[in-house]
Amino acid sequence: MQTDRLIAALAADANTTPRRIGPMLALALLAALPVSVALFMSILGMRPDMRTAMHNPFFDLKFMVTLALAFAAIVVSLHLARPETSFDRWGWLLVLPVVIIAVGIAAEMTMPHQRPWLSRLIGNNAMACMASIPLFALPFLAAALLALRRGAPANPTLAGMTAGLLAAGLGATLYASHCADDSPLFVMVWYSLATAFVAAVGAIAGRRVLRY
């Protein structure tokens, strides 16, 4: 009888843990937001032609890609924090930003341009992009890892990688408001490389921080 009660108590605790992770992750990311914004404003700031840029659909597309990555990775991270959930079931959500950027590239290729595609791909701010996105993502990554520690991920490395993806998505959203390279080709290459770096850092950190 005592064993039955113990099993019931453990099962009840397992069912309530994931519900606490969502609010904790939200609060942690909100706490990290002012830190990343302060870094962004002190180092880069908004691009001076913001009002004009907002009329460019490819400028808006950057935010669609970065926010789609962030929100998809948040959903996947919350599910990976549960030991019984597999990546295969929810990982497909991470394809959404890939689909958006592919549609953007296809649309750009159908339009006449004064600059060749290789010039648009290389852009003018590749190194700034590679350095800035990880920097602005770092507070979000630390916050996400701390929040996800309340869960019990079956694969800490994978959960850490997903936390890195969500952090990179949020960091890239900040950087996108400064970046003057609006071509989807630029976003595909340099934003993706910066995101991969943050995801790798998250995987390495998650392997240690999220182990239980």
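These questions and answers walk through a predicted model of a single chain.

Colleague: How many helices and how many strands does the chain have?

Modeller: Read from the N terminus, the elements run α-α-α-α-α-α-α-α-α. The tally is nine helices and zero strands.

Colleague: What does the C-alpha trace span along its principal axes?

Modeller: The chain has 212 residues, and 47% of them count as buried. Its exposed surface comes to about 11,200 Å², with 70% supplied by carbon and sulfur atoms. Along the principal axes, the C-alpha trace spans about 80 × 35 × 25 Å.

Colleague: What share of the contacts with a separation of 6 or more comes from residues 24 or more positions apart?

Modeller: Contact here means heavy atoms within 4.5 Å. Among contacts in the chain with a separation of 6 or more, residues 24 or more positions apart account for 84%.

Colleague: Is the crossing of H7 and H9 left-handed or right-handed?

Modeller: Helix H7 covers residues 126-148 and helix H9 covers residues 184-209. Their axes come within 9 Å and cross at roughly 35°. The crossing is right-handed.

Colleague: How many nonpolar, polar and charged residues are in the contact of H7 with H9?

Modeller: H7 brings residues including Met 130, Ile 133, Pro 134 and Leu 141. H9 brings, among them, Trp 190, Phe 197, Val 201 and Gly 202. Gly is classed as polar. By class, the contact has 19 nonpolar, two polar and no charged residues.

Colleague: Is the aromatic pair of Phe 59 and Phe 63 stacked or edge-to-face?

Modeller: Both residues lie in helix H3 (residues 57-80), four residues apart, about one turn of the helix. The ring centres are 5.1 Å apart, and the planes stand at 70°. Planes over 60 degrees apart count as edge-to-face. So the pair of Phe 59 and Phe 63 is edge-to-face.

Colleague: Why does Phe 63 count as buried?

Modeller: The cut-off for buried is under 20% relative accessible area. Phe 63 counts as buried because its relative accessibility is 19%.

Colleague: Which helices hold Tyr 175 and Tyr 191?

Modeller: The two ring centres are 5.9 Å apart with planes at 55°, so the pair is tilted. It ties together parts that are 16 residues apart in sequence. Tyr 175 lies in helix H8 (residues 156-176), and Tyr 191 lies in helix H9.

Colleague: Which residues do ring pairs link into a cluster?

Modeller: The whole structure holds four aromatic pairs. Tyr 175 is buried at 0% relative accessible area, and Tyr 191 is buried at 4%. Ring pairs link these two with one further ring, and the cluster is Tyr 175, Phe 186 and Tyr 191.

Terms used. Residues are numbered from 1 along each chain as its sequence is written. This is a predicted model: local features need pLDDT of at least 70, side-chain atom pairs count only at pLDDT 80 or more; totals for chains, interfaces and linings use all residues. Side-chain values use heavy atoms; hydrogens and water are left out. Axes are lines fitted to C-alpha atoms, for helices over the stretch in contact, and angles run from 0 to 180 degrees between N-to-C directions. Helices (H or I, at least four residues) and strands (E, at least two) are DSSP runs, numbered from the N terminus. A crossing is left-handed if the near helix is turned anticlockwise from the far one by less than a right angle, and right-handed if clockwise. Buried means under 20% relative accessible area, exposed over 50%, partly exposed in between (1.4 Å probe, protein chains only). Accessible areas come from the Shrake-Rupley method with a 1.4 Å probe; for residues, only the protein chains shown count as cover. Rings of Phe, Tyr and Trp (its six-membered ring) pair if their centres lie within 6.5 Å; planes under 30 degrees apart count as stacked, over 60 as edge-to-face and the rest as tilted.
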